[in-house]
Amino acid sequence: MFTFPRIRVGNPIHHESLTVFPLFAETNGQVDYLLSDEAIQAGSVTVQEVSEGGSVPDLLVENSGEIRVLFLEGEELVGAKQNRILNTSVLIPARSKIKIPVSCVERGRWAYKSRHFGSGGRHSPSKLRHAMKSSVSESALSGTGHRSNQGKVWEEVDKQQATLGVSSMTGAMEDTFVAHQQQIDEVALQLVYPEGAVGLAVAIGDKVVAVDLFDKAATCQKVWRRLLSGFILDAVEPTSATGEVTQPAVEETLAALRSSSWEQVQTVGDGEEYRVKSDDRTQASALGFGDSLVHGSLLTGA
């Protein structure tokens, strides 16, 4: 099993109700991979429907390169018959072709916009990720794959659009981001990646909503802005959240995560995957390779 690194919680970065804590750790970082958007842009990876007719919960990834490719839970892929998000983090082996589990975030379209998917450059908001992760963990822990409750995913997309007054012809999560892109960009400028951080814990008001941890600072730096996009969209919503989360509270959350009972589940692609579900609705997963934690994530549903 991977080694859970000892984590130091850095100084918080604030914007109104949103607080970001950079996480620092001595990690192994020995796994060699490209991120999905890098590989798609380079042309070494293609993502497409599994067949001409397509299948909502599955996509086909072909990696023609000589290096693994990492797709992250919650990242958005746009194009083909409808936009999707990743149900779990996946390390695609070099020179391979495999199916990946996804959820639809554009319920009103089922027609080709393009043959291949591109990176949306966005990450799912925390409530959507939690709703998806809850059902995916239940599926994975029961040995039935990485299926999400698609209805719950659509419900979260719809709820956020209603709250933010966004109208979308196809019910696309993408349209919610586009409608608030200026606000997202403005806030992101104030939440600059701190050199050396390998992860982040995010709070809205006095609640920790998510933690993401990677095997190396280079990965965290590359995905920092993309990950923040979903959390910033959460914080754009009208909120009565008050108070602030302290560093000791984040340290308690991480300590609880480290001491949780992790259960290995079947992995999609390379590496080993572990899941944990606590009594307080907290959902966590970890993708390891050897003794490295490639990507660990926690969603509280707060």
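Lys-159 pairs with Glu-156 through a salt bridge, with 3.4 Å between the closest N and O atoms; the term is used here for a side-chain nitrogen of Lys or Arg within 4 Å of a carboxyl oxygen of Asp or Glu. The model is a predicted one, so local features need pLDDT of at least 70 and side-chain atom pairs count only at pLDDT 80 or more, while totals for chains, interfaces and linings use all residues. Residues are numbered from 1 along each chain as its sequence is written, and side-chain values use heavy atoms, with hydrogens and water left out.

Back to Lys-159: this residue and Glu-156 are three residues apart in helix α3, which puts about one helical turn between them. Helices (H or I, at least four residues) and strands (E, at least two) are simply DSSP runs, numbered from the N terminus. Lys-159 also forms a salt bridge with Glu-155, and here the closest N and O atoms are 4.0 Å apart. Glu-155 and Lys-159 are four residues apart in helix α3 (residues 150–164), so about one helical turn separates this pair too. As for exposure, buried means under 20% relative accessible area, exposed over 50%, and partly exposed in between (1.4 Å probe, protein chains only). Glu-156 is buried, at 16%, whereas Glu-155 is partly exposed at 35%. Lys-159 counts as partly exposed as well, with a relative accessible area of 43%.

Side chains of opposite charge can pair when their charged atoms come close. The salt-bridge rule gives a count of 20. One of these joins Glu-62 to Lys-97, with an N to O distance of 3.9 Å. Glu-62 sits in strand β6 (residues 58–63) and Lys-97 in strand β11 (residues 96–104), so the contact ties together parts that are 35 residues apart in sequence. Glu-62 is partly exposed, at 31% relative accessibility, while Lys-97 reaches 53% and is exposed. Elsewhere, salt bridges link Glu-73, Arg-129, Lys-133 and Asp-212 in a network.

Turning to the strands, β4, β7 and β10 make up an open sheet of three strands, in the order β4-β7-β10 and with mixed pairing; strands pair if DSSP finds at least two bridges between them. The edges are taken by β4 (33–35) and β10 (90–92), each of which has a single partner strand, so one side of each is left without a neighbour in the sheet. On average, neighbouring strands of this sheet are turned by 30 degrees against each other, direction ignored; axes are lines fitted to C-alpha atoms, for helices over the stretch in contact, with angles running from 0 to 180 degrees between N-to-C directions. Strand β7 (residues 68–71) runs antiparallel to β10, and three bridges join the two. Phe-71 is found opposite Val-90 in β10.

Strand β16 (residues 272–277) is joined to β17 by six bridges in an antiparallel arrangement, and Glu-273 stands opposite Leu-287 in β17. Strand β17 also pairs with β18 (residues 292–299), again antiparallel, over seven bridges. Ala-286 has Gly-296 in β18 as its bridge partner. The hairpin of β17 and β18 leaves two residues between the strands, and Gly-290 in this hairpin takes a positive phi near 65 degrees.
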